[in-house]
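These are my notes on a few local features that I looked up one after another.

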Amino acid sequence: MNIDIRHILSVALAILVGSASAFSQHHITFMPQWTPQAQFAGYYVALEMGFYTEAGLDVTIKHLSSNSNQNCMEHLEKGDVDIVTNMLIGGMKERSKGFPIVNVLQTSQNTGLCCVAHKPVKSLEDLNGMKIGRWESGFAENATIAQKELGLDIHWVPYIYGVTLYIANAVDAALFYSYNELIQLYLSMGEVPADHIIFFNEYGYNYPEDGLFVTEAFYKANKDDVDKFVKASKKGWDYCRTHKKEALAIVRKYTTGHHIRTNDVHQEMMLRVVLTLQEDKNTHEATYAPVSKQLFDDMCRKGIEAGILSGKVEYSDFIVAK
């Protein structure tokens with residue numbers, strides 16, 4: 001029997017190199033701010049396509065339950081996870097309360113927040129005196145800022161998720177996101193009259209939304225790994241732009257695996273809107289640029305006036321996104 005020593009040595013070397021590579025990978029636990037959906041497609045794609053692994057990271061994605069009374073920031077504070085997504089204003093809110101977190105990536109450049117009424121509305125002022133549904137779990141800070149600044153008398157009615165409250169006529173109007181509940185409404189009722197919808201980005205409240213957040217301590221101790229996660233995540237989002245069908249198939253794996261009630265049409269429309277909200281309005285390109293200091297300071301001032309922020313958040317302390 002002939003023994004090829006060189007072949008045996010090459011196989012052994014490959015095993016050793018592979019083992020060393022796996023051993024050297026740094027583990028990251030990541031949590032989006034909601035249950036699996038195309039809103040987080042770029043992160044799923046980065047994991048499934050091996051972009052995180054190529055960067056030397058061993059990434060685990062955890063999700064909240066739709067029945068959970070906790071949010072991702074609570075998990076971050078407890079140390080259950082290392083990196084989370086959240087609304088920019090939500091991150092600022094936590095920082096103003098003394099939780100030392102930093103913004104390491106800003107994917108969203110525009111807000112998808114809208115208000116859908118049962119009658120024509122020409123401006124935000126037309127919402128005065130209405131009974132309006134909003135999420136019990138939060139995510140409505142931009143609407144609160146507008147309400148306080150304009151002096152609107154609004155009776156807020158909390159709901160968990162979905163569009164049932166609106167369809168049942170239990171409220172005069174409801175806050176929705178253009179990439180989620182508004183699509184659900186279209187799929188449930190057909191086309192909604194355009195003059196029944198107010199988009200906040202058209203009325204001076206175009207505040208960027210989703211970004212990535214870590215604790216200050218974790219960032220200082222693991223800056224290289226965080227930077228690698230950010231770079232691989234951008235690669236995942238860019239891949240979504242050029243391979244939408246493949247990205248949606250990956251999203252379906254997560255929604256199915258977590259028993260999320262949805263459908264392919266909803267997720268396809270969601271991905272399309274989310275990708276648009278990531279684009280600069282002038283260039284129509286996704287640059288993942290951090291929020292400008294001018295807009296940040298405007299959000300901070302108005303957030304304090306609306307009682308959302310406990311105090312001033314310093315741009316240089318909070319924004320480390322590049």
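Which residues does Glu 141 touch, not counting residues up to four places away in sequence? I found that Glu 141 touches Ile 89, Lys 93 and Ile 308, where contact means heavy atoms within 4.5 Å.

Before going on, I note that this is a predicted model, in which local features need pLDDT of at least 70 and side-chain atom pairs count only at pLDDT 80 or more, while totals for chains, interfaces and linings use all residues. Residues are numbered from 1 along each chain as its sequence is written, and side-chain values use heavy atoms, with hydrogens and water left out.

I placed Glu 141 in helix 6 (residues 141-150), helices being DSSP runs of H or I with at least four residues, numbered from the N terminus. Glu 141 is buried, at a relative accessible area of 12%; buried means under 20%, exposed over 50% and partly exposed in between, with a 1.4 Å probe and protein chains only. From C-alpha to C-alpha, Glu 141 lies 7.1 Å from Ile 308, although 167 residues separate the two in sequence.

Next I looked up helix 10 (residues 223-242) and helix 11, whose axes come within 5 Å and cross at roughly 120°. The axes are lines fitted to C-alpha atoms over the stretch in contact, and angles run from 0 to 180 degrees between N-to-C directions. Helix 10 is therefore oblique to helix 11, since angles under 35 degrees count as roughly parallel, over 145 as roughly antiparallel, 65 to 115 as roughly perpendicular and the rest as oblique. In this contact, Tyr 239, Cys 240, Arg 241 and Thr 242 of helix 10 meet Lys 244, Glu 246 and Ala 247 of helix 11.

I then took helix 11 (residues 244-257) with helix 12 (residues 264-277), which pack at about 120° with their axes 10 Å apart, and which are therefore oblique to each other. On the helix 11 side the contact is made by Lys 244, Ala 247, Leu 248, Val 251 and Arg 252, and on the helix 12 side by Asp 264, Gln 267, Glu 268, Leu 271 and Leu 275.

Last, I checked the cysteines and recorded 0 disulfides, a disulfide being a pair of cysteine sulfur atoms within 2.5 Å. For Cys 115, which is in no disulfide, the nearest cysteine sulfur is that of Cys 114, 7.6 Å away. Cys 115 is buried, with a relative accessible area of 1%, and I noted that Cys 300 is buried with a value of 1%.

Methods: Helix = DSSP H or I, 4+ residues; strand = E, 2+ residues; numbered from the N terminus.
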